[in-house]
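Here are my notes for your first look at this one. Have the sequence and the 3D view open side by side as you read.

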Amino acid sequence: MELRQLRYFVTVVEEANFTRAAARLHLAQPGLSAQIRQLERELGQQLLDRGGRTVTPTEIGTAVLKHARAALAATERITETVDEFTGLLRGHVRVGLISGAATEELDVAAVLADFHDDHPQVGISLTEDTSERMLAALSRGELDVALVGLTGAAMDSGIGLDVVLETAVVAAVAAGDRTHGAEIALTDLRDHPLICLPPGTGIRGVLERSCAVVGFEPNIAFEAAAPPLLLQLAARGLGIAVVPELTAAEAKAFGVRTIRIIEPELHGRLALAWRTDRPAAPAAKVLIGQLRIALRPSEMVAPEPK
């Protein structure tokens, strides 16, 4: 029996599917299946029930699962103890980032570069995705830390958050559009084609939740992951863009005029997110700490990573 076989077994149980587990482990599915069957032969018992639409542990598999998880956790603690004793950081840290979040104000690249200079033996991977998918990846243990947009929806209690930026969400129309004043009620957007970020993003979630509260579903005519494209579409008169607040110079540069949304006002929040319900690896713990300092969070809503 090998530790990697236990890791494979645990991952298959968590994913309830060999294909998803193989993708998460970066293995070919036949190889993963062969390793699980070899583990079962060594133990002399079937650990997984493969007969249904999803893979589930057998009664014996369920009993083995807790010990497999304990063995993997113990191995991680041994490595972490040695690293802490020697002052050496190594391993791999997985970082998630929403599109357009790496700005001069939130210079994530500089933090990662400084961390790499200080700890060259630590690998860093950066993923750009929607907030919804990255929060799910945090919950599954596939990311160590992520910069995400918040929608106001209930959060996994095992995720800690530092809000690093809060901004008003406004409507943007072509600069020459004079059909709207300086303010617009949210309900008045009901019959307009809207331009917004895709589902799963913070701003889209804020818009959809707010519209639901006042009794309508927004008419999303165009969506794009890059905020500048939303403004370009609005500047061409293709609809009203729903975007984070712009400076006067930014609005002029994109050829748009911004309108304050009221009744209710909408606000977007950008937050650093990480797991708090299990100990972070030493390298991840250090990077999370450096990101929290560098991004100067404005609101603490969870304890530091353990």
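1. A quick term to begin: buried means under 20% relative accessible area, exposed over 50%, and partly exposed in between (1.4 Å probe, protein chains only). By that rule, 43% of the 306 residues in the chain are buried.

2. Keep in mind that this is a predicted model, where local features need pLDDT of at least 70 and side-chain atom pairs count only at pLDDT 80 or more, while totals for chains, interfaces and linings use all residues. Residues are numbered from 1 along each chain as its sequence is written, and side-chain values use heavy atoms, with hydrogens and water left out.

3. On the overall build, the chain has 10 helices and 13 strands (DSSP runs: H or I of at least four residues for helices, E of at least two for strands). Its C-alpha atoms fill a box of roughly 75 × 50 × 30 Å along the principal axes.

4. Now the domains, whose bounds come from an automatic or database assignment. Domain 1 covers 3-68, domain 2 covers 85-161 + 270-295, and domain 3 covers 165-268. The C-alpha centres of domain 2 and domain 3 are 29 Å apart. Where these two meet, 12 residues of domain 2 are in contact with 11 residues of domain 3 (contact: heavy atoms within 4.5 Å).
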